[in-house]
Amino acid sequence: MLGPRVWASVRPELSKALSKKMRGWASGEGRKIDIAGIYPPVTTPFTATAEVDYGKLEENLHKLGTFPFRATQATVEMTLSMAQVGADAVMVVTPCYYRGRMSSAALIHHYTKVADLSPIPVVLYSVPANTGLDLPVDAVVTLSQHPNIVGIKDSGGDVTRLGLIVHKTRRQDFQVLAGSAGFLLAAYALGAVGGVCALANVLGAQVCQLERLCLTGQWEDAQKLQHRLLEPNTAVTRRFGIPGLKKTMDWFGYYGGPCRAPLQELSPTDEEALRLDFTTNGWL
């Protein structure tokens, strides 16, 4: 997780670091960190020629920094590279290309190898909408006992499953993050410690306010705010996805910019529907 203050020093070395091969760098016991809080999964801005626009990325990071966010071999190599350029932790998505073979045993083996070799803490990441694969609860419980695995981001939206993970890992030093602002209140009520929320890229202050209301037990006000965030959140995640998120970033003073193929820009009709989801809830 790279914050705005380290990005300026990271940027010149990032491409070089990502290409290095650093096999055999073991982590020892690892180190525990507190991952509680709200995090925006920062979008990647592109130029008109589909290259990463690092300047605009840095601008977005500095703007987001004003909000109270707490910010197998190839995977191992990427993890080591991120540690080298200053990341505090890594979030590792479930491997899914051969998802028919991704049993609990296979996933436990994969994450254990990554965590054994990572010099920084590992956060599990289950996002079945994109991978078609849920990280099984029994695998999460087993992996929660690893000294270098500190938590999970669960984006599935199944609050029963989320609560079960909290319950079954309660004896471990293990933290659960909601993967969407759409069920953030429910996640806090069940014992989650925060969220990684796409909506925080555009309504960061409001998502952080929802966090504060939950943490201070102001559940009635939290419920009202959660309701007002539901439609905008659905719009920038499921309904219009990345193109919708980038468009709203432009509206709220960030740089969303163009999408990179194969994603397509919103049609005028979709853009109007997206705007309506925000205006009817009082955000535009």
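Which residue just after α11 takes a positive phi? Gly 253 does, with a value of about 90°. The views below come from a predicted model, in which local features need pLDDT of at least 70 and side-chain atom pairs count only at pLDDT 80 or more, while totals for chains, interfaces and linings use all residues. Residues are numbered from 1 along each chain as its sequence is written, and side-chain values use heavy atoms, with hydrogens and water left out.

**View 1. Helix α11 and its buried face.** Helices (H or I, at least four residues) and strands (E, at least two) are DSSP runs, numbered from the N terminus. In α11, the buried residues are Gly 241, Pro 243, Gly 244, Leu 245, Lys 246, Thr 248 and Met 249. Buried means under 20% relative accessible area, exposed over 50%, and partly exposed in between (1.4 Å probe, protein chains only). These buried residues of α11 pack against α2, α10 and α12, where contact means heavy atoms within 4.5 Å.

**View 2. Lys 246, a buried charge without a salt bridge.** Lys 246 sits in helix α11, which spans residues 241-251. Although buried, Lys 246 has no salt bridge, and Glu 265, the nearest side chain of opposite charge, is 7.7 Å away. For charges, Lys and Arg count as positive and Asp and Glu as negative; His and the chain ends are not counted. A salt bridge is a side-chain nitrogen of Lys or Arg within 4 Å of a carboxyl oxygen of Asp or Glu. What the side chain of Lys 246 does reach is the backbone oxygen of Gly 256, at 3.3 Å. Not counting residues up to four places away in sequence, Lys 246 touches Thr 44, Pro 45, Phe 46, Gly 256, Gly 257, Pro 258 and Cys 259.

**View 3. The aromatic pair Phe 252 and Phe 278.** Rings of Phe, Tyr and Trp (its six-membered ring) pair if their centres lie within 6.5 Å; planes under 30 degrees apart count as stacked, over 60 as edge-to-face and the rest as tilted. By this rule the count comes to one aromatic pair. The ring centres of Phe 252 and Phe 278 are 5.8 Å apart and the planes meet at 55°, so this pair is tilted. Phe 252 belongs to the loop between α11 and α12 (268-279) and Phe 278 to helix α12, so the pair ties together parts that are 26 residues apart in sequence. Phe 252 is partly exposed at 23% relative accessibility, whereas Phe 278 is buried at 0%.

**View 4. Asp 277 and Arg 239, a bridge between helices.** The side chains of Asp 277 and Arg 239 form a salt bridge, at 3.0 Å from N to O. Asp 277 is in helix α12 and Arg 239 in helix α10 (residues 219-239), so the pair ties together parts that are 38 residues apart in sequence. Asp 277 counts as buried, at 9% relative accessibility.

**View 5. Salt bridges around Arg 161.** The whole structure holds six salt bridges. One of them joins Asp 134 and Arg 161, whose closest N and O atoms are 3.8 Å apart. This pair links distant parts of the chain, 27 residues apart: Asp 134 is in the loop between α5 (128-131) and α6 (137-143), and Arg 161 is in helix α7 (residues 159-168). Asp 134 is partly exposed at 35% relative accessibility, while Arg 161 is buried at 10%. Asp 154 joins these two residues in a network of salt bridges.

View 6. Glu 59 and Lys 56 meet through their side chains in a salt bridge (3.7 Å, N to O). They are three residues apart in helix α2 (residues 54-64), and therefore separated by about one helical turn. Glu 59 is partly exposed at 38% relative accessibility, and Lys 56 is partly exposed at 27%.

View 7. Most residues other than glycine have a negative phi, and most peptide bonds are trans. Ala 50, in the loop between β1 (37-39) and α2, has a positive phi near 65°. A cis peptide bond joins Ala 261 and Pro 262, with omega about 15°; Pro 262 is in the loop between α11 and α12.

Technical notes
A polar contact is a pair of N or O atoms within 3.5 Å; within protein, one must be able to donate a hydrogen and the other to accept it, and residues adjacent in sequence count only if both atoms are side-chain atoms.
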